Amino acid sequence: MKYSLLLAALVAMLGLTACEKTTVTPPAAAPVVIVPGPAGPAGATGDTGATGSTGSTVAVPGATGATGATGATGNDGATGSTGSTGSTGYTGATGATGATGAEGTKGDTGKTGGDTVVVVPAK
């Protein structure tokens with residue numbers, strides 16, 4: 001019991017001091033008003049600045065990068081359309097006339113009064 005009363009008083013003191021924070025604000029100073037006078041003469045032109053130094057260069061260039069991998073094979077193209085039919089050719093030249101044929105041998109003289117009968121079938 002002796003410690004519980006002391007502990008309760010300590011917790012109450014910490015709780016009250018934590019909530020009460022006083023902030024002191026100093027009074028604001030009166031603003032100073034500056035009245036400008038007449039402008040003076042222009043100042044002298046400044047000197048030209050020094051030239052900058054040249055950047056450094058690399059004495060030995062770096063190695064060339066590795067060659068890239070071969071690309072994939074492309075797809076087959078579409079089959080082309082059938083071509084147009086060609087025009088008709090020109091008529092050829094007429095051939096030369098052939099040579100006259102050889103004359104045949106003469107046949108035997110025919111006989112008269114024979115018994116031969118020719119029968120023509122009907123259609």
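Modeller: The chain exposes about 13400 Å², and carbon and sulfur atoms supply 59% of it. Areas follow the Shrake-Rupley method with a 1.4 Å probe; for residues, only the protein chains shown count as cover. This is a predicted model: local features need pLDDT of at least 70, side-chain atom pairs count only at pLDDT 80 or more, and totals for chains, interfaces and linings use all residues. Residues are numbered from 1 along each chain as its sequence is written, and side-chain values use heavy atoms, without hydrogens and water.

Of the 123 residues, 0% count as buried (under 20% relative accessible area; exposed is over 50%, partly exposed in between). The chain has 1 helix and 0 strands (DSSP runs: H or I of at least four residues, E of at least two). Its radius of gyration, 67 Å, is well over the 14 Å of the globule rule, so the chain is more spread out than a compact globule. That radius is taken over C-alpha atoms; the rule is 2.2 Å times the number of residues to the power 0.38.

Now the close look. Leu10 lies in helix α1, residues 2-19. Leu10 counts as partly exposed because its relative accessibility is 42%. With Leu7, Val11, Met13 and Leu14, Leu10 makes a nonpolar surface patch of about 490 Å². Such patches join nonpolar side chains (Val, Leu, Ile, Met, Phe, Trp, Tyr) within 5 Å, or like charges within 9 Å, from residues with over 30% relative accessible area and no salt bridge (a side-chain nitrogen of Lys or Arg within 4 Å of a carboxyl oxygen of Asp or Glu).

Conventions:
Buried means under 20% relative accessible area, exposed over 50%, partly exposed in between (1.4 Å probe, protein chains only).
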